[in-house]
Amino acid sequence: IISFSICAQKEVDDQSNWSDRIYFGGGLGFNGGTDGFGNRYFNISVSPIVGYMVTSQFSVGSGISYQHIGYPDINFKYVQYGIMPFLRYNFNELFLTTEFNYINLPNLSYSGGSYNEDSRIFRQRLLAGVGYSKPVGRNARLNAVAMYDLLYRRPSVFYSPWVVRVFVSF
């Protein structure tokens, strides 16, 4: 799995105007492997975000996500997309974060050695977790975050209730 993320590192105070408090960022991901049926897959994703620093420690924002998943062995591909508003509170190098995902994805069935897209469905995730951010050089930070889906119930279209992200921000 390869994932890149870019986030602004800003300092704000009570005197900062609204335009100084806005930041942009996002992520780009690539991964691939073999699914539970033995089919190779490839995934590319993009997820831009915009945030607003309410205070120097607390920020709110939202992003969009787009994923393209392809199965070259069975000549099948699909797209999923969604929105993801978030909250983040920083405690020096530690931070608490929560994110709501509203995702549109295909309702897939598997038969006869191939996938079929029966319809499209919306799924929700409410992620909450903790992260760690460590300076690396003058303008970059190494970030790691682990979040748990508070809405997770089996059976699910999501493999796990856990979401773990590691990224560098600039």
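**Close-up 1. Aromatic pairs in the predicted model.** The model contains 11 aromatic pairs, where rings of Phe, Tyr and Trp (its six-membered ring) pair if their centres lie within 6.5 Å, with planes under 30 degrees apart counted as stacked, over 60 as edge-to-face and the rest as tilted. Tyrosine 102 and phenylalanine 122 are stacked, because their ring centres lie 4.7 Å apart and their planes meet at 10°. This pair links distant parts of the chain, 20 residues apart: tyrosine 102 belongs to strand β7 (residues 94-111) and phenylalanine 122 to strand β8 (residues 114-136). Strands (E, at least two residues) are DSSP runs numbered from the N terminus. Tyrosine 102 is partly exposed at 30% relative accessibility, as is phenylalanine 122 at 43%; buried means under 20% relative accessible area, exposed over 50%, and partly exposed in between (1.4 Å probe, protein chains only).

**Close-up 2. An aromatic cluster.** One cluster is formed by Phe37, Tyr41, Tyr71, Phe76, Tyr78, Tyr110 and Tyr115.

**Close-up 3. Arginines over aromatic faces.** Arginine 88 lies over the face of phenylalanine 95, 3.5 Å from the ring centre. Arginine 125 lies over the face of phenylalanine 158, at 4.1 Å from the ring centre. A charge sits over a ring if NZ of Lys or CZ of Arg is within 6 Å of the ring centre and within 35 degrees of the ring normal.

**Close-up 4. Asparagine 143.** Asparagine 143, in strand β9 (residues 140-149), is buried at 2% relative accessibility.

Residues are numbered from 1 along each chain as its sequence is written, and side-chain values use heavy atoms, without hydrogens and water. In this predicted model, local features need pLDDT of at least 70 and side-chain atom pairs count only at pLDDT 80 or more, whereas totals for chains, interfaces and linings use all residues.

Notes: Helices (H or I, at least four residues) and strands (E, at least two) are DSSP runs, numbered from the N terminus.
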